[in-house]
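Here are a few notes to read alongside the model, written for someone opening it for the first time.

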Amino acid sequence: MSAPDERFMRRALELAERAGRAGEVPVGAVVVQDDQVIGEGCNAQIGSCDPTAHAEVVALRDAAGRSGNYRLPGAVLYVTIEPCAMCAGALVHARIAELVFGAREPKAGAVVSAERLLEKDRLNHRVAWREGVLEPECSELLRTFFSDRRRLRREVRDRGRKGDV
């Protein structure tokens, strides 16, 4: 793993932690061009009441706004988890050169896990991709978030049962 890969994925992890603190699924993303962050985002679907506010889309919107162009040729997107179908499509439309993600998403990952959308011949742009950058940290963040959420649900459920007795 290169030093830039680690630096940019660590920033994505910081953004993911921010999302988690806000009650969102902890996913963070940064768009990098010429070794500079030009856009960043974290999951914000709940807080913004926007089903498209995935970390990748938020970061792409930020980068496009800053650059004044919805096309981001030569840019690299770093994200803590494998993108879903919507986000993979957005990467193609934005003309992202490369995707780098930390952990696979076995249920909805559209790059290598559940689907392989970036490999479709009919696409008019190819996004190169790599995986596994800081994978243990990216996986652990999600694992802890969902474990804590399940624990809290059990506690609420159990408190309700005790109150009924």
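Is D148 buried, partly exposed or exposed?

1. Partly exposed: D148 has a relative accessibility of 32%, and the cut-offs here are under 20% for buried and over 50% for exposed, so D148 falls in between. Do keep in mind that this is a predicted model.

2. R11 and E14 form a salt bridge whose closest N and O atoms are 2.8 Å apart. Because they are three residues apart in helix 1, about one helical turn lies between them. R11 counts as partly exposed at 22% relative accessibility, and E14 is partly exposed at 42%.

3. Now for a pair that reaches across the chain. R7 forms a salt bridge with D35, and their closest N and O atoms are 3.3 Å apart. This one links distant parts of the chain: R7 belongs to helix 1 (residues 3–21), while D35 lies in the loop between strand 1 (28–33) and strand 2 (36–42), 28 residues apart. R7 is partly exposed at 44% relative accessibility, and D35 is partly exposed at 41%.

4. Some salt bridges join up. D5, E98 and R130 are linked in a network of them. As background, side chains of opposite charge can pair when their charged atoms come close. How many salt bridges does the count come to? The total is 16.

5. On to the largest pocket, which has a volume of about 580 Å³. Its lining is made up of 25 residues, and those nearest the centre are V25, I81, E105, L142 and F146.

6. Which helix gives the largest share of that lining? Helix 5 does, with seven residues. Helix 2 (45–48) contributes too: helix 2 and helix 5 each supply at least two lining residues.

7. By class, the largest pocket is lined by 11 nonpolar, nine charged and five polar residues.

Technical notes
Residues are numbered from 1 along each chain as its sequence is written. This is a predicted model: local features need pLDDT of at least 70, side-chain atom pairs count only at pLDDT 80 or more; totals for chains, interfaces and linings use all residues. Side-chain values use heavy atoms; hydrogens and water are left out. A salt bridge is a side-chain nitrogen of Lys or Arg within 4 Å of a carboxyl oxygen of Asp or Glu. Helices (H or I, at least four residues) and strands (E, at least two) are DSSP runs, numbered from the N terminus. Buried means under 20% relative accessible area, exposed over 50%, partly exposed in between (1.4 Å probe, protein chains only). On a 1 Å grid over the protein atoms alone, a cavity is a set of points where a 1.4 Å probe fits but cannot get out, and a pocket is an open set with protein on both sides within 12 Å along at least five of seven lines; lining residues have an atom within 4 Å of a point. Grid points are joined across faces, edges and corners, and a volume is the space filled by probe spheres set on the points. Ala, Val, Leu, Ile, Met, Phe, Trp, Tyr, Cys and Pro count as nonpolar, Asp, Glu, Lys and Arg as charged, and the others, Gly among them, as polar.
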